[in-house]
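Have the sequence and the 3D view ready as you read.

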Amino acid sequence: MMEQTIKKIKAVDKSITKEVEAYLDTLTKPPGSLGRLEELAVQLAEITGENFPQVTPPAIIVFAGDHGVVNEGVSAFPQAVTAQMVHNFLDGGSAINVLANQLEAFLEVVDVGVAETIERDGLVVEKIGFGTKNFAEEDALTKVEVEKAIRVGINMSEKVIGQGAKSLILGEMGIGNTTSSSAILAAVSGAEVSKVVGTGTGISSETLIKKQRVIEQALADRRPAKDDPLDILAKVGGLEIAAMVGAMLGGASRQTPILVDGFISTVAAILATKLCSKVRDYLIFGHHSQEAGHTFALALLDAKPLLNLNFRLGEGTGAAMAFPILEASTRILREMATFSSAGVSDAEKGNAEN
Ligand SMILES: Cc1cc2ncn([C@H]3O[C@H](COP(=O)(O)O)[C@@H](O)[C@H]3O)c2cc1C
Ligand SMILES: O=C(O)c1cccnc1
């Protein structure tokens, strides 16, 4: 199924680019003066193949999963917080709930691998396992589990797009997942672990050293294949990270813009683009996270995030904050007057008259 989805992913429509750029120059502003908003408008047109793209309504999907590596003491919070936060999402009390309400976005919460059974109305239960295995001791997942989690992500994107979502905001919840993400990033890039490890939920400097050692030892023991995203996910990955990879493939296959969140989401994006390089052009990077490895992860994708709000939360919060910028870029195209419709002199005309 993943292969079929990848086959469906088309290169974004570059035949529309010149037309949209030219149209932007007819609007009542000096050419290019709306800077990145204009670049975004062009990118959204290329993604959707439409001169007047729509990103509203957005769908927010938060994938939750646990990590066996928490047994090594690599997070500031206990594993139980993953399930507790899933309850909080369903009760409406988390940061991403607040932003979803503000954006009037539909929020889907998906249990793809929380370590506890959660039965609640409104929760999408697609549990592939009760957390991953501790990758300090054994492979986190089997290849089959990775493939199943990717499929969950693909299905979720297809579901919300089928329900009318015009853009995707992807987020995650999983205590320990910055450890998994740093391990993935080191594996896929060959970078030193020290360059891609960070404090996650706020660990001490001693714990940070331990976290780095745990990752270094695991990479030496597990030996994930650099060019094989599925092998990397199986050896040191997570179910919610694999599901995000799938959601990105699914979104791209349906020509839908995807807002990427922070460190964990960007690591998933690196894997998705490794599986299919065409995915890159469907991605818009919401914010620059405080998590240490994010700068390096963004550079690997040559990505320039829209915001820097000193966030280090996850859940899709940084991506959600950037959504109004996307919406603005589409409204510029749809709602601004042109020089001729508004009777405003354009640059050459003005010079000619002087
Ligand atoms: C209350 C709470 C809410 C969160 N929401 C997202 N995260 C974020 O922190 C976790 C990753 O950090 P680490 O690898 O250090 O455990 C993930 O769940 C991530 O989504 C949270 C963390 C906590 C404690
Ligand atoms: O950037 C992120 O996504 C992030 C950073 C710290 C903790 N959780 C998530």
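## Meet helix α6

In this predicted model, helix α6 runs over residues 143-162, which makes 20 residues. From its first C-alpha to its last it reaches 28 Å, close to the 28 Å expected at 1.5 Å a residue. After α6 comes G164, and its phi is positive, near 115°.

Which residues of α6 are buried? They are E145, V146, K148, A149, I150, R151, V152, G153, I154, M156, S157 and V160. The cover over these buried residues includes the helices α1 (2-8), α10 (229-236) and α11 (239-253). It also includes β1 (58-65), β2 (106-113) and β4 (167-173).

## How α6 meets α11

Let's look at one of those neighbours. The axes of α6 and α11 are 6 Å apart, and the two helices pack at an angle of about 45°. Angles that are not roughly parallel (under 35 degrees), roughly antiparallel (over 145) or roughly perpendicular (65 to 115) count as oblique, and α6 and α11 are therefore oblique to each other. Their crossing is right-handed.

On the α6 side, the contact is made by V146, A149, I150, R151, V152, G153, I154, M156, S157 and E158. On the α11 side, their partners are L239, A242, A243, M244, V245, G246, A247, L249, G250 and G251. Sorted by class, this contact of α6 with α11 holds 13 nonpolar, 5 polar and 2 charged residues.

## An enclosed helix: α10

Why is α10 described as largely enclosed by the rest of the structure? Because 7 of its 8 residues are buried. The buried ones are P229, L230, I232, L233, A234, K235 and V236.

What do these buried residues pack against? Their neighbours are α6, α7 (177-189), α9 (205-222), α11 and α12 (263-275).

## Another pair: α7 and α9

Two of the helices that pack against α10, α7 and α9, also meet each other. Their axes come within 10 Å and cross at roughly 50°, and α7 and α9 are therefore oblique to each other. The crossing of α7 past α9 is right-handed.

In α7, the residues that meet α9 are T179, S182, A183, A186 and A187. They face K211, V214, I215, A218 and L219 in α9. By class, this contact has 7 nonpolar, 2 polar and 1 charged residues.

Here is a handy idea to keep in mind when you look along a helix. An α-helix has 3.6 residues a turn, so residues three or four places apart point the same way.

Terms used
Residues numbered from 1 in each chain as written. Chains lettered and ligands numbered in written order. Predicted model: local features only at pLDDT ≥ 70, side-chain atom pairs only at ≥ 80, totals over all residues. Helix = DSSP H or I, 4+ residues; strand = E, 2+ residues; numbered from the N terminus. Expected span 1.5 Å × (residues − 1). Buried ≥ 20, exposed ≤ 12 C-beta atoms within 10 Å, placed from the backbone. Contact = placed C-beta atoms within 7 Å. Axes fitted to C-alpha atoms, helices over the stretch in contact; angles between N-to-C directions. Left-handed = near helix turned anticlockwise from the far one by under 90°. Nonpolar A, V, L, I, M, F, W, Y, C, P; charged D, E, K, R; others polar.
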